[in-house]
Amino acid sequence: MSFNTIYVLLMSVRMAPRLPLIVLLMIHGVSGADWGVSYSHSHICALKNSSVIMSCTYTYPTGYKIKKVFWTKGPVKGVEPPDLSEDPEYSQRLQYLGDKQQNCTIRLSHVTQKDAHMYYFRFITNVTDGVWLGKPGVTLTVTDLQVEAPERVTEGDSVRLTCKSSCALTDGATFIWYRNSQPLTERRDRNNQLLLQSVRREDAGRYSCALHGHTYISPAVQLSVTCEYRLTFPP
Ligand SMILES: *[C@@H]1O[C@H](CO)[C@@H](O)[C@H](O)[C@H]1NC(C)=O
Ligand SMILES: *[C@@H]1O[C@H](CO)[C@@H](O)[C@H](O)[C@H]1NC(C)=O
Ligand SMILES: *[C@@H]1O[C@H](CO)[C@@H](O)[C@H](O)[C@H]1NC(C)=O
């Protein structure tokens, strides 16, 4: 406790009726207010095989020295949570971009469905009990992409194909469409949908979708186009 706090405490003794409240605030200020971890995003929806950055900053009282910083994943149980960078499933893909002062940002690359967990930052100082676990942490959800399309459409119909993800990707995400592995350059997409107006036989093929700037491509889905009038001709 600094001289300033003692002074405030003494002042408050003279203003006796308010004493209990002020003492409570002081105790909180001394023991907890300077400790903390804050994450820029508490939920992250990541596309399979992409890299995820978990932005993070941390604070602790002055006069402490940081001895160890690391990330761990939930559920956290037991005495000391394990350091993810020592986990063979993560060690090659995890990169600590932060420092030993205040930045605790990490990058996890090539995310898979198995990475969907809660992640926490932990730091340990040179003082006994001077340790902190940044709860609540960051929830990582991993999605793939699936094309939704009617199996069969008739020439002349309008058809809408949707590129579906299981969690909400960032608003800035740009979808790309492929037919038989060739990128479609027509600007016919809105959000995650491809609208084929007045379908022709040339539109038939295997459709897949992807996100601009990402390697992952959805499984392809066959779109068949039938020509109605041909059926009415005698053989
Ligand atoms: C912790 O480190 C700080 C800064 O180096 C130092 O002033 C302090 O005495 C250390 N505390 C303990 C308990 O070692
Ligand atoms: C933390 O470090 C990362 C990577 O170096 C950087 O991009 C980010 O701006 C830093 N954040 C803060 C708050 O300094
Ligand atoms: C995953 O990404 C890497 C590049 O970051 C790429 O070389 C690889 O082909 C991708 N794998 C899949 C299955 O998309």
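Me: What makes the pair formed by Asn-103 and an oxygen atom of ligand 2 a polar contact?

Reply: In this predicted model, a polar side-chain atom of Asn-103 sits 2.3 Å from an oxygen atom of ligand 2. A polar contact needs a pair of N or O atoms within 3.5 Å, so this pair qualifies. The protein covers 39% of the 360 Å² of accessible area that ligand 2 has on its own.

Me: Why is Ser-50 called buried?

Reply: Ser-50 has a relative accessibility of 7%. Buried means under 20%, so Ser-50 gets that label. You can find Ser-50 in the loop between β2 (43-47) and β3 (52-54). Leaving out residues up to four places away in sequence, Ser-50 touches Leu-108, Ser-109, His-110, Val-111 and His-214.

Me: Why is Asn-49 called partly exposed?

Reply: Asn-49 has 36% relative accessibility. Buried means under 20% and exposed means over 50%, so Asn-49 falls in between. Asn-49 is also in the loop between β2 and β3, and its phi, near 70°, is a positive value in a residue other than glycine.

Me: Why does His-110 count as partly exposed?

Reply: The relative accessible area of His-110 is 47%. Exposed would need over 50% and buried under 20%, so His-110 is partly exposed. His-110 lies in the loop between β7 (106-108) and β8 (118-125). Phi of His-110 is positive too, near 50°.

Me: What surrounds ligand 3, and how do you know that Thr-215 makes a polar contact with ligand 3?

Reply: Asn-49, His-110 and Thr-215 surround ligand 3. An N or O atom in the Thr-215 side chain is 3.2 Å from an oxygen atom of ligand 3. That is within 3.5 Å, so the pair counts. For the side chain of Asn-49, an N or O atom is 2.4 Å from a ligand 3 oxygen. Taken alone, ligand 3 exposes 360 Å², and the protein buries 36% of that.

How values were computed: Residues numbered from 1 in each chain as written. Chains lettered and ligands numbered in written order. Predicted model: local features only at pLDDT ≥ 70, side-chain atom pairs only at ≥ 80, totals over all residues. Heavy atoms only, no water. Polar contact = N/O pair within 3.5 Å; in protein donor to acceptor, adjacent residues only side chain to side chain. Areas by Shrake-Rupley, 256 points an atom, 1.4 Å probe, with all protein chains shown as cover. Helix = DSSP H or I, 4+ residues; strand = E, 2+ residues; numbered from the N terminus. Buried < 20%, exposed > 50% of the residue type's maximum accessible area, 1.4 Å probe, protein only. Contact = heavy atoms within 4.5 Å. Near = heavy atom within 4 Å.
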